[in-house]
Amino acid sequence: MSLQIKTLDEYRQVYTRSVADPEGFWAEQAAEFQWKKPWKQVLKWNFREPRIKWFLGGKLNITENCLDRHLEKRGKQVALIWEPNDPSKKARKITYKQLYAQVCQFANALKAQGVKKGDRVCIYMPMTPELSVALLACARIGAIHSVVFAGFSAVSLADRIKDAHATVVLTSDYNARGAKNIPVKTVVDEALGLGCDTVKTVIVHQNTGDPVKMMEGRDIWWHDAIKGKRKSCKATTMDSEDMLFILYTSGSTGKPKGVVHTHGGYMVYTDFTFRNVFQYQEGDVYWCTADIGWITGHSYILYGPLLAGATTMMFEGVPTYPDAGRFWDVIQRHKVNIFYTAPTAIRALMAAGDQWINNRRMPSLRVLGTVGEPINEEAWHWYNEKVGKKRCPIVDTWWQTETGGILISPIADVTPTKPCFATLPLPGVQPCLVDASGKEITGNDVEGMLCIKFPWPSILRTTYGDHERCRTNYFAAFKNLYFTGDGARRDADGYYRIIGRVDDVINVSGHRIGTAEVEDAINKTPGVVESAVVGFPHDIKGQGIYAYVIVNDRLEDAAAFRQKVVDTVTKQIGPIAKPDKIQIVSGLPKTRSGKIMRRILRKVAEGDTSNLGDISTLLNPEVVEEIKVGASRV
């Protein structure tokens, strides 16, 4: 039976054991799975090159552990609930037996198109069940999936296809999103016209049924590809360290980084963290609102829940369509027990007004989670009071694409929570804080740069095709440490609070001030919906603080409002943190996953608007011009 921590004392005991004997600890967790051949050595590693291998010599296929091993006991249990964009359409429920059959059938379809072990398959699809089938079918036959969020531009898609040398692209005709149908197949066609010479086949799922152009000899309909294919497919034997997927994460400069995760370690870690962080119980309905185009969707919509034999939900739409009550309707209808979403979504629903949630009864809810960025205090309290009715623990999870799974987080109903704190490391995770010279900062009530001392099973193995980039990005800054790129504070209780990216820490008159902390304070000002803070060159202080602020209503007196913001920040943090410039904006430039593009905001604040880089991949590129114009008047 897989380990599930139930008390704080047990957490302390398990954590101590996991650090004293990490190999023994993770070997116990790995023993719960079906292996075709046992491993010879649990771990071999160094952070110098880096070279990290878990469960060496072990042979397996992750899909056998997601699907096959559940068939006898859970064949008729719902594995996947799909909630479509249009609420008038019926949700689809797919059992483990049905999902197994669909995955095997599509795996056979891929093989018929010549896809073999080690080939890269690029997936550019909306949030439909076929997207999940696509990932699992690739893993089934040993192909390496590379999902690109179906909102990225053709240029961004082409960059990723070319970097991975993908031979096949899987897509849909259109993506139904809110009131719009987005022509994803057209984007693929445009991308393939940009020199993606390795692509031989495009398989197109008929999602909306709207007409699209099909290229003879290259494009094939999904329904034609699977026609007559068997619904059983022997899983390809994979080495524990064989690549499972490549997932691209934007670098602040240069081309996107293809983060590589492997079959064995990723499997062990996502299952363990899913069961423990969310305290998954047999029969729970679990809903993570992320897109599978991001690591959250990979690890905590698909692989983690299916490994645990859970019922997981996929949602095609947006939180505010057709209205801001959509999430709460879905939770009521499907009796969701565990709900995992982003602070961006919480703030948007908070801004829409309490009328959408005040009269909702959601007694099934037991655990709430947040992911993607540190949640600000106001949003945390709203989430706790309005959504959780003060009876559902909030797990504020900190992790990254590169980590594969959650590293620092409360364990639901186990770890006492504090707003804005990711709290304590999970078993096997050994965080530390260091100063600029790499010297470890010991004790509590301190802050520094967040690093990890020891590998965990789902740590990235490389950046695809460029191992030196992996070394310089994550392992070169500090000797024998994985550098997360984040700054953090460890409080008197030993709890970690993520301050933000190190380049999002502003040095004002020699004081290091985290942007997340200033934003949290600004957001407490009445009338503020959301804010973003960056540093800009200041003649006296070195760096000043520039705040972009979204407000609820039209301002009658902007100067008085700005003073309120300054007063609030001064009260919350101290005069050292008060913003030097405050720009009122209608929106903030965000990626499709809801992360604020601070690089753009920093350049505008610095007065450098000549080269803002590619903004086509933003959720709202139009807001950039408005911000540029407004900045000249601040």
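**Helix packing and buried residues in a predicted model**

Student: Where do I start with helix α7 (residues 154-164) and helix α8 (residues 184-192), and at roughly what angle do their axes cross?
Tutor: Their axes come within 8 Å of each other. Please keep in mind that this is a predicted model. As for the crossing angle of α7 and α8, the value is roughly 60°.

Student: Are α7 and α8 oblique or roughly perpendicular to each other?
Tutor: Angles of 65 to 115 degrees would count as roughly perpendicular, and under 35 degrees as roughly parallel. The axes of α7 and α8 cross at roughly 60°. The two helices are therefore oblique.

Student: Is the crossing of α7 and α8 left-handed or right-handed, please?
Tutor: The angle of roughly 60° comes with a hand as well. For α7 and α8 the crossing is right-handed.

Student: Which residues of α8 make the contact with α7?
Tutor: On the α7 side, the contact is made by A154, L157, A158 and I161. By class, the contact of α7 with α8 has 8 nonpolar, no polar and 1 charged residues. From α8 come V187, V188, E190, A191 and L192.

Student: Let's move to helix α6 (residues 129-141) and helix α11 (residues 295-307); how far apart are their axes?
Tutor: These two helices pack at an angle of about 60°. That makes α6 oblique to α11, and their crossing is right-handed. The distance between the two axes is 12 Å.

Student: Which residues of α11 meet α6?
Tutor: From α6, the residues in contact are S132, L135, L136 and A139. Taking both sides of the contact of α6 with α11, there are 6 nonpolar, 2 polar and no charged residues. The partners in α11 are H298, L302, Y303 and L306.

Student: Are helix α13 and helix α14 oblique or roughly perpendicular to each other?
Tutor: Helix α13 (residues 343-351) and helix α14 (residues 377-387) have axes 10 Å apart, at an angle of about 75°. An angle of 65 to 115 degrees is the range to check against. So α13 and α14 are roughly perpendicular.

Student: How many charged residues does the contact of α13 with α14 have?
Tutor: Here I346, R347, L349 and M350 in α13 meet E378, A379, W382 and Y383 in α14. By class, 6 are nonpolar and none is polar. The number of charged residues is 2.

Student: How many residues does the largest nonpolar core have?
Tutor: The residues with the most contacts inside this core are F106, I123, L170, F278 and Y303. F106, for one, is in contact with V133, A134, A137, L170, I203, W222 and I226, leaving aside neighbours within four places in sequence. A second, separate core of 28 residues includes L349, M350, M362 and A379. The size of the largest core is 120 residues.

Student: Is T312 buried or exposed?
Tutor: T312 is found in strand β17 (residues 311-315). Not counting residues up to four places away in sequence, T312 touches A79, L80, I81, Y286, I301, P305 and L306. Its relative accessibility is 0%, so T312 counts as buried.

Student: What is the relative accessible area of D486?
Tutor: D486 is found in strand β25 (residues 482-490). Leaving aside neighbours within four places in sequence, D486 is in contact with W398, Q400, G448, M449, L450, I498, G500, R501 and V502. D486 is buried, and its relative accessible area is 7%.

Student: Which residues does S2 contact, leaving aside neighbours within four places in sequence?
Tutor: S2 lies in the segment before α1 (8-20). At 18% relative accessibility, S2 counts as buried, because the limit is under 20%. Its contacts are E32, D271 and R275.

Student: Finally, which residue follows α12?
Tutor: In helix α12 (residues 326-334), the buried residues are R326, F327, W328, V330, I331 and H334. The residue that follows α12 has a positive phi, near 50°. That residue is K335.

Definitions and conventions. Residues numbered from 1 in each chain as written. Predicted model: local features only at pLDDT ≥ 70, side-chain atom pairs only at ≥ 80, totals over all residues. Heavy atoms only, no water. Axes fitted to C-alpha atoms, helices over the stretch in contact; angles between N-to-C directions. Helix = DSSP H or I, 4+ residues; strand = E, 2+ residues; numbered from the N terminus. Parallel < 35°, antiparallel > 145°, perpendicular 65-115°, else oblique. Left-handed = near helix turned anticlockwise from the far one by under 90°. Contact = heavy atoms within 4.5 Å. Nonpolar A, V, L, I, M, F, W, Y, C, P; charged D, E, K, R; others polar. Buried < 20%, exposed > 50% of the residue type's maximum accessible area, 1.4 Å probe, protein only. Core = buried A, V, L, I, M, F, W, Y, C linked by side-chain atoms within 4.5 Å.
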